[in-house]
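These are my notebook entries on one structure. I record below what I looked up, entry by entry.

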Amino acid sequence: MNMTNHTMVTEFTLLGIPETEGLENVLLFLFSTLYVCALLGNLLLLTAVTSSPRLHTPMYFFLSNLSISDMGFCSTTAPKMLSYLSGRGGGISFQGCVVQHFFYHCIGCVLCFLYTVMAYDRFVAICFPLRYTIIMNHRVCCVLATGTWMSGCVHATILTCLTFQLPYCGPSEVSYYFCDMPAVLLLACEDSSLAQRVGFTNVGLLSLICFFLIVVSYTRIGISISKIRSTEGRQRAFSTCSAHLTAIMCVYGPVIIIYLQPNPSPLLSAIIQIFNNLVTPTINPLIYSLRNKDVKAALRHVFLKRCLSLEVNENI
């Protein structure tokens with residue numbers, strides 16, 4: 001095969017969510033609503049954390065990073081998905097596919113590490129409360145946050161290079177709703193088994209290691225909470241972890257379900273990924289704010305400040 005054929009594909013066509021023909025309008029309304037709610041919810045949570053000095057603590061620092069990651073994660077796939085659901089076509093340039101693939105795996109990896117770091121933060125807060133501010137000092141928090149983002153970039157660079165170093169000479173129809181690695185590799189003109197094995201091992205090991213560290217952290221937390229004598233103390237300790245535990249179940253629960261299926265259908269795989277792409281970023285702000293008095297107080301302060309500024313402008 002000559003080099004001309006190797007460089008033939010300059011644009012891919014995303015075929016969309018499997019087995020959803022005729023449901024475009026319903027899905028467009030549903031996913032548009034979820035996407036807007038995800039952006040607004042995380043933006044509000046980020047504003048509340050940055051505007052309130054009481055929330056300038058390690059836990060809320062990592063929560064701010066989580067909000068930024070959630071907004072970025074849903075934005076890697078949602079705009080293009082909404083575009084073809086609205087009838088504008090599923091065409092995406094080769095370079096656009098590379099960029100989408102990179103940021104999907106980069107931010108996905110960042111989220112995986114952030115959940116692990118947040119579990120470690122709760123572990124230190126409950127198991128070593130007197131040394132918490134010393135262990136989780138500003139420098140350590142910055143190193144952990146920077147490490148998550150750098151690790152995400154390295155992870156995504158490896159997978160993106162493995163995927164797009166292969167020649168693509170047609171066909172150009174990606175049987176999925178975004179440029180995911182398994183769907184794109186099916187179109188490669190050369191053997192992609194090495195890239196598939198490395199990609200599966202990379203993503204699988206990363207998820208398993210993070211999940212294992214989270215389980216270890218919460219096992220230690222559970223042991224520490226069980227040693228607290230007062231019921232009120234146990235409830236207070238558990239309440240600081242309940243939001244993060246709920247978020248962990250929302251992220252890993254669907255993934256575990258799909259891996260328990262011997263031969264998951266393409267539709268089920270798409271539903272799980274859409275849940276993690278759109279639903280989880282939408283509910284995370286609710287999880288971390290509904291039962292959190294400090295966040296709700298900060299949000300009220302932001303709204304009151306905004307209302308007062310509008311009144312002053314109107315009077316002027």
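Entry 1: I began with residues 200-221, whose end C-alpha atoms lie 31 Å apart. This span is 100% helix and 0% strand. I note here that the model is a predicted one.

Entry 2: the record. I then consulted UniProt, where an unreviewed entry places the feature "transmembrane region" at several spans, including residues 200-221 and 267-290. The same feature is also placed by UniProt at residues 26-48, 102-120, 141-166 and 242-261. For residues 267-290 I found the end C-alpha atoms 32 Å apart. That span is 96% helix and 0% strand.

Entry 3: helices α4 and α10. I next looked up how helix α4, residues 94-127, packs with helix α10, residues 266-289. The angle between them is about 40 degrees, and their axes are 13 Å apart. Because angles under 35 degrees count as roughly parallel and 65 to 115 as roughly perpendicular, this angle makes α4 oblique to α10. The crossing of α4 with α10 is left-handed. Which residues make the contact? On the α4 side I listed Tyr104, Tyr115 and Met118. On the α10 side I listed Gln273, Asn277, Thr280, Asn284 and Tyr288. Sorted by class, the contact of α4 with α10 holds 4 nonpolar residues, 4 polar residues and no charged residues.

Entry 4: helices α2 and α3. I turned to helix α2, residues 24-51, and helix α3, residues 58-85. They pack at an angle of about 160 degrees, with axes 9 Å apart. Are they roughly parallel or roughly antiparallel? Since angles over 145 degrees count as roughly antiparallel, α2 is roughly antiparallel to α3. I recorded a left-handed crossing for α2 and α3. The contact of α2 with α3 comprises 20 nonpolar, 5 polar and 2 charged residues.

Entry 5: the sheet. Finally, I looked up the strands. I found an open sheet of 3 strands in the order β2-β1-β3, with mixed pairing. Its edge strands are β2, residues 91-93, and β3, residues 173-174, each of which pairs on one side only. How do β1 and β2 pair? Strand β1, residues 11-14, pairs with β2 in the antiparallel sense, over 3 bridges. Within the sheet, I noted that Phe12 stands opposite Ile92 of β2.

Note on methods:
Residues are numbered from 1 along each chain as its sequence is written. This is a predicted model: local features need pLDDT of at least 70, side-chain atom pairs count only at pLDDT 80 or more; totals for chains, interfaces and linings use all residues. Side-chain values use heavy atoms; hydrogens and water are left out. Two strands pair if DSSP finds at least two bridges between them. Helices (H or I, at least four residues) and strands (E, at least two) are DSSP runs, numbered from the N terminus. Axes are lines fitted to C-alpha atoms, for helices over the stretch in contact, and angles run from 0 to 180 degrees between N-to-C directions. A crossing is left-handed if the near helix is turned anticlockwise from the far one by less than a right angle, and right-handed if clockwise. Contact means heavy atoms within 4.5 Å. Ala, Val, Leu, Ile, Met, Phe, Trp, Tyr, Cys and Pro count as nonpolar, Asp, Glu, Lys and Arg as charged, and the others, Gly among them, as polar. UniProt positions are given in the numbering used here, feature names are shortened, and annotations may be inferred rather than shown by experiment.
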